[in-house]
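Me: Could you walk me through the contacts and strand pairings here, one question at a time?

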Amino acid sequence: QVQLVESGGGLVQPGGSLRLSCSASGFSSGSYAMSWYRQAPGKERELVAIISVASGTTNYADSVKGRFTISRDIAKNTVYLQMNSLKFEDTAVYYCHALFFRTMRVYWGQGTQVTVSS
């Protein structure tokens with residue numbers, strides 16, 4: 001069973017930085033993409049960033065372009081989200097997501113809270 005475990009959330013002041021990590025386990029190989037989503041109170045879950053693990057190709061929501069960077073460590077089956085210049089509106093629960101292309105199965109992590117507050 002594929003498991004995604006996030007870490008790295010917390011409380012940070014506006015303009016600060018955080019790095020989220022998502023470690024994937026329970027699979028041997030495969031072509032897949034990993035993403036970060038977020039959900040703020042009263043809002044729908046939205047895609048923040050996505051990376052194709054094999055190619056490294058990335059894409060970002062307009063709201064985070066230039067501030068957030070998604071990356072991966074293939075050997076560790078881990079994806080990171082470096083978040084810089086954080087704003088109040090970045091406050092949300094951040095979820096790790098994996099999509100395996102061969103089976104089209106998706107998996108979610110449990111979420112990690114990011115709070116931007118002064």
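The turns below go through sheets, rings and charged side chains.

Me: Before we start, what should I know about the model and its numbering?
Reply: Happy to set that out! This is a predicted model, where local features need pLDDT of at least 70 and side-chain atom pairs count only at pLDDT 80 or more, while totals for chains, interfaces and linings use all residues. Side-chain values use heavy atoms, with hydrogens and water left out, and residues are numbered from 1 along each chain as its sequence is written.

Me: Which residue in E8 stands opposite Arg19?
Reply: Strand E3 (residues 18-25) and strand E8 (residues 78-83) run antiparallel and are joined by 6 bridges. Opposite Arg19, E8 places Gln82.

Me: In E5, which residue is the bridge partner of Met34?
Reply: E4 is joined by 6 bridges to strand E5 (residues 46-52), and the two run antiparallel. Their hairpin has 6 residues between the strands, and Gly42 takes a positive phi near 80 degrees there. For Met34, the bridge partner in E5 is Ile51.

Me: How many of the residues of E4 are buried?
Reply: Buried means under 20% relative accessible area, exposed means over 50%, and partly exposed lies in between (1.4 Å probe, protein chains only). Tyr32, at 5%, counts as buried, and so does Arg38, at 7%. E4 is mostly covered, the buried count being 7 of its 8 residues.

Me: Why does the pair of Phe27 and Tyr32 count as edge-to-face?
Reply: Rings of Phe, Tyr and Trp (its six-membered ring) pair if their centres lie within 6.5 Å; planes under 30 degrees apart are stacked, over 60 edge-to-face, and the rest tilted. The count by this rule is 6 aromatic pairs. For Phe27 and Tyr32 the centres are 5.1 Å apart, and the pair is edge-to-face because the planes stand at 75 degrees.

Me: How many residues apart in sequence are the parts tied together by Tyr32 and Phe100?
Reply: Their ring centres are 5.0 Å apart with planes at 20 degrees, so this pair is stacked. Phe100 is also the bridge partner of Tyr32 in E9. Tyr32 lies in strand E4 (residues 32-39) and Phe100 in strand E9 (residues 92-100), so the parts tied together are separated in sequence by 68 residues.

Me: Over the face of which rings does Arg45 lie?
Reply: A charge sits over a ring if NZ of Lys or CZ of Arg is within 6 Å of the ring centre and within 35 degrees of the ring normal. One ring has its centre at 3.7 Å from Arg45, and another at 4.7 Å. The rings are those of Tyr95 and Trp108.

Me: Which residues are linked with Arg38 in a network of salt bridges?
Reply: A salt bridge is a side-chain nitrogen of Lys or Arg within 4 Å of a carboxyl oxygen of Asp or Glu. Arg38 meets Glu46 at 2.7 Å and Asp90 at 2.9 Å. Asp90 lies in the loop between E8 and E9 and Arg38 in strand E4, so that pair ties together parts 52 residues apart in sequence. The network links Arg38 with Glu46, Arg67 and Asp90.

Me: Which backbone oxygen does the side chain of Arg67 reach?
Reply: Arg67 sits in the loop between strand E6 (58-60) and E7, and is buried at 10% relative accessible area. At 2.9 Å, its side chain reaches the backbone oxygen of Ser85.

How values were computed:
Helices (H or I, at least four residues) and strands (E, at least two) are DSSP runs, numbered from the N terminus. Two strands pair if DSSP finds at least two bridges between them. A polar contact is a pair of N or O atoms within 3.5 Å; within protein, one must be able to donate a hydrogen and the other to accept it, and residues adjacent in sequence count only if both atoms are side-chain atoms.
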